[in-house]
Structure formats: C-alpha cells, structure tokens
Amino acid sequence: MTPEIKVELSSSGVMSVTIARPDKKNALTNDMYGALADAIARASGDEVRVLLIQADGDTFTAGNDVSEFAAQSTGNGPKERNVVRFLRGLANASKPIIAAVQGKAVGVGTTMLLHCDYVLLSEEAQLITPFVNLALVPEAASSYLLPLRIGHVKAFEMFALGEAVPANNAVAWGIANKAISNAELRAEARRVAEKIAAKPIGSLTAMKRLMRDAEKMVAQMDRESAIFVERLASAEAKEVFAAFAQKRQPDLTRVVRQ
Ligand code: COA
C-alpha cells in the first residue's frame, strides 16, 4: 500500500486509479507499480466493470523514477521489478480501461496508453517516449503496438528522437480518442467510464478479448524486458542517469557503444 496510488470503486463499478505523487511529477516507483498491479488484478473481479486511470497535478506521469533506474543499473534495484507485473496485468486486463491524461505523459506514461481502450487527453497534453535518449529500449510491448497503431516511420520518430507529440497529433494518429480542455478532463473521463460501465459486461469483455492479442503482447514484453535489463547496465545508461541526478546534460561522446 502506498498513498501515491489512490484507488476508489464507485457503486456503478467504475474503479478509478489515481497516480498521486505530484511533487515528483508522478514519477513511478517500484512500490507504485506494485499498487498499480494490485489494482489491475482487483479489476478482474466481478465488482469492477471499468478501470479509469488518471493522475493528480500538472503531469500525468514523468515515467519511471529515474533514481530507481540508476539503482537498477548498478545492481541495487528491487528484487522484484513490479513494473513487469503491472505491464502483464495491463496486457491481460479483461475490463475496459479508460485513461485521462493531462500535461506530459513520459515513457511508460505514454506506452501504457496503448493498452487503454479509450484515451482522453487534455489539449496541452504531450506524449514523450525518450527510451533511446535514456540509452534504453521501448517497453510495455510498445515496440510492437506503436508501429502497429501509427505506422513505422512515426513510431521510429517518436522513439528515436524522443520529442514531445502534442495532443492534436496523438488524436490524429489514433493514439487517443479526443483532446479536451483540462478543466473538463476528469468529468468527461468519468462520464465515458459510467456510460461504458452500464453496457453488458459479458459482451464488453468478450469484445475486448477479440480485439487484443494478450499472448502476443506478453511475448513482446518478455523480449523487450531482456534487452531493457541489459541496456540498464550499459555505460551509456549509467552516464544518462548520473547526468539526471546531477541536473546536467549527459555526455555520450566518450562512452563506447556496448
Ligand atoms: N524520476 C524521478 N524524479 C523525477 C522524474 C523521474 N522520472 N521526473 C521528475 N522528477 C523530479 C525532479 O527530479 C524534480 O525533483 P526535485 O524537485 O527534488 O528536484 C521534480 O520531479 C520536478 O521535476 P522538474 O524537472 O523540476 O519539473 P519540470 O516541470 O521542469 O519537468 C519533466 C518535468 C517530466 C519534463 C522532467 O522532470 C523530466 O524530463 N523528467 C524525466 C523524465 C524521464 O526521463 N522519465 C523516464 C522515462 S522512461
């Protein structure tokens, strides 16, 4: 249990999961991934009809906590990487998942959206996938799902350059349903979630199963994870994480490729 993930279940069966670490831009720690994974597991029960993922503060999430990446890169990470349980849970989720995204959605903040079924963005939201800038590789089966969703060249651009994709492009490319004002975001997400929660749940879950190939996604996650762990231990990644801690730009010119 961590107060940085808040879970609430409404009488209509909408379970909201709120990322709540705004002072650190909602960067996700191993404990937070654990709580997210627990919430997704709970959503498979009969009491939950729809899962709604949202976040407090001005940023949806700054992605994985970079200081935890740094610890993992020197072999001092947690024994169990809860992110793996969280991502597998997302891939296997049977209930519809709605996301309400304001501000920046970095790394897993963007890749988790590929597992959501209805994505609402605030008009100033930005999707950022800086895995290569961090000397890592994409995760959450995004190396498969993103090219499938938006085509190879745009996916390559997002991954290789790691530049922010504005909300209107994300909608035009099919990553999100629509962009609305930040003031309306939460209420609109709740309205959509309630509407979906009132539909026949057996039909919804059967439809979702037909639309998503969980086995394929998990297999891709396993491939990505093996390479991700290797990359975390690379000299390139160590320099990037040291630079983040020291609030400076990384100097990769002297790091030999590994
Ligand atoms: N991990 C750990 N701490 C993070 C973090 C992350 N991913 N992102 C932000 N923070 C912390 C900052 O270190 C800072 O902490 P401090 O107040 O103790 O110094 C605090 O959150 C505020 O961040 P700041 O950078 O000052 O906010 P900003 O509005 O200028 O920028 C971001 C916000 C998200 C653009 C920027 O923080 C960022 O790029 N973060 C790293 C994102 C990243 O690479 N994530 C990994 C993805 S795989």
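Tutor: Let's begin with handedness: a crossing is right-handed if the near helix is turned clockwise from the far one by less than a right angle, and left-handed if anticlockwise. This is a predicted model, by the way. In it, H3 passes H10 in a right-handed crossing.

Student: What makes H3 and H10 roughly antiparallel to each other?

Tutor: Their axes cross at roughly 160°. Angles over 145 degrees count as roughly antiparallel, and therefore H3 and H10 get that name. The two axes come within 9 Å.

Student: Which residues of H3 and H10 meet there?

Tutor: From H3 you have Val84, Leu87, Arg88, Ala91 and Asn92. On the H10 side they meet Ala214, Met217, Val218, Met221, Asp222 and Ser225. This contact divides into seven nonpolar residues, two polar and two charged.

Student: Now helix H11. Which of its residues are buried, and what does that word take?

Tutor: Buried takes a relative accessible area under 20%. In H11 (residues 235-245), the residues that pass are Glu236, Ala237, Glu239, Val240, Phe241 and Ala243. Their cover includes helix H2 (66-73) and helix H10 (214-232). After H11 comes Lys247, with a positive phi near 50°.

Student: What makes a group of residues a nonpolar core?

Tutor: They must be buried, belong to a set such as Ala, Val, Leu or Phe, and be joined through side-chain atoms within 4.5 Å. The largest core here has 64 residues, and Phe86, Leu121, Leu127 and Phe241 have the most contacts inside it. Helix H1 (residues 30-42) gives the most to this core, with seven residues. Apart from it lies another core of 14 residues, including Val50 and Leu204.

Student: What does Leu127 touch?

Tutor: Leaving out residues up to four places away in sequence, its partners include Ala105, Leu113, Leu121, Met158 and Ile175.

Technical notes
Residues numbered from 1 in each chain as written. Predicted model: local features only at pLDDT ≥ 70, side-chain atom pairs only at ≥ 80, totals over all residues. Heavy atoms only, no water. Buried < 20%, exposed > 50% of the residue type's maximum accessible area, 1.4 Å probe, protein only. Helix = DSSP H or I, 4+ residues; strand = E, 2+ residues; numbered from the N terminus. Contact = heavy atoms within 4.5 Å. Axes fitted to C-alpha atoms, helices over the stretch in contact; angles between N-to-C directions. Parallel < 35°, antiparallel > 145°, perpendicular 65-115°, else oblique. Nonpolar A, V, L, I, M, F, W, Y, C, P; charged D, E, K, R; others polar.
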